[in-house]
Amino acid sequence: MQHILALPNGENIPYLLERRARRTIGMKITTDGLVVHAPLRIRQVDLEALLRSKARWISTKLKARQAATLPAFSWRDGAELQLLGQPLILRILPSTRNSQPKLEGNTLQIATSNIHDQVMIARKVIHWLQKEAMLDFARRLHILAAKLGEPTPALFLSNAKTRWGSCNSRRKVRLNWRLIQAQPALINYVIAHELAHLREMNHSARFWAVVAKIHPDYPAAEQGLKACSQALYRLG
Ligand SMILES: [Zn+2]
């Protein structure tokens with residue numbers, strides 16, 4: 001079940017709650033963001049009070065998933081972006097007219113009258129990446145849903161800072177647009193993970209068996225995603 005934890009500092013943190021036959025409360029940060037394992041009988045209000053007492057740990061861990069230790073991306077000519085795990089060189093061309101980014105081989109070209117306007121360049125390139133993401137993810141979602149024998153769920157892009165995807169009981173799948181930078185196997189894994197939630201809204205052995213049906217090599221993908229998370233979160 002998806003819940004929202006309101007922290008005293010005004011932050012709202014979505015989390016997945018999984019009740020288990022256990023005596024203690026466990027927390028971890030995964031592809032889904034914060035996941036909480038709680039005893040079957042603990043009351044929601046007691047659980048959230050306890051989670052709030054761990055607010056510092058939660059915030060620190062979630063932020064560690066972001067680009068905290070990497071320098072911010074520099075939107076200059078020659079900078080290296082990633083598209084589907086391949087390098088994409090940003091070419092900023094001085095021009096009297098402003099153009100939308102254009103893909104030419106392994107370069108992304110943008111003509112602008114102000115090559116130092118990093119905010120404008122960032123906005124245009126991110127918008128371009130989001131359009132690519134929508135096209136690419138929609139195609140993958142369609143193919144992988146068919147593999148599972150499910151109708152294609154509705155797709156939305158997310159701009160979440162700490163999670164790659166989510167899926168709700170109304171069959172809406174949200175995928176982080178930053179995934180378009182990652183290797184196709186990692187994107188496929190996140191989609192497989194969210195599709196498996198259509199069948200199992202938990203992370204039980206049954207859930208992972210469904211993931212494995214769509215994406216057999218999921219442990220490697222989960223690791224790969226962890227390894228490149230920080231780099232992918234540098235944008236936006
Ligand atoms: Zn999940």
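Visitor: Is Phe-73 buried or exposed?

Guide: Buried means under 20% relative accessible area, exposed means over 50%, and partly exposed lies in between (1.4 Å probe, protein chains only). Phe-73 has 12% relative accessibility, so Phe-73 counts as buried. Trp-75, at 7%, counts as buried too. This is a predicted model, where local features need pLDDT of at least 70, side-chain atom pairs count only at pLDDT 80 or more, and totals for chains, interfaces and linings use all residues. Residues are numbered from 1 along each chain as its sequence is written, and side-chain values use heavy atoms, with hydrogens and water left out.

Visitor: How many aromatic pairs are there?

Guide: A pair of aromatic rings is described by the distance of the centres and the angle of the planes. Rings of Phe, Tyr and Trp (its six-membered ring) pair if their centres lie within 6.5 Å; planes under 30 degrees apart are stacked, over 60 edge-to-face, the rest tilted. The count here is 4. Among them is Phe-73 with Trp-75, edge-to-face, at 4.7 Å centre to centre and 70° between the planes.

Visitor: Which pair is stacked?

Guide: Trp-208 and Tyr-218 are stacked, with centres 5.0 Å apart and planes at 20°. This pair links distant parts of the chain, 10 residues apart: Trp-208 is in helix H5 (residues 205–214), Tyr-218 in helix H6 (residues 218–232). Helices (H or I, at least four residues) and strands (E, at least two) are DSSP runs, numbered from the N terminus. Trp-208 is partly exposed at 23%, and Tyr-218 is partly exposed at 21%.

Visitor: At what angle do H4 and H5 pack?

Guide: Axes are lines fitted to C-alpha atoms, for helices over the stretch in contact, and angles run from 0 to 180 degrees between N-to-C directions. Helix H4 (residues 184–199) packs against H5 at about 135°, with the axes 8 Å apart. H4 is therefore oblique to H5. Under 35 degrees is roughly parallel, over 145 roughly antiparallel, 65 to 115 roughly perpendicular, and the rest oblique.

Visitor: Where is Pro-153 found, and which residues does Pro-153 contact?

Guide: Pro-153 is in the loop between helix H3 (118–148) and strand E9 (154–158). Pro-153 is buried, at 5%. Contact means heavy atoms within 4.5 Å. Leaving aside neighbours within four places in sequence, Pro-153 contacts Leu-141, Ala-145, Arg-171, Val-173, Leu-195 and Leu-198.
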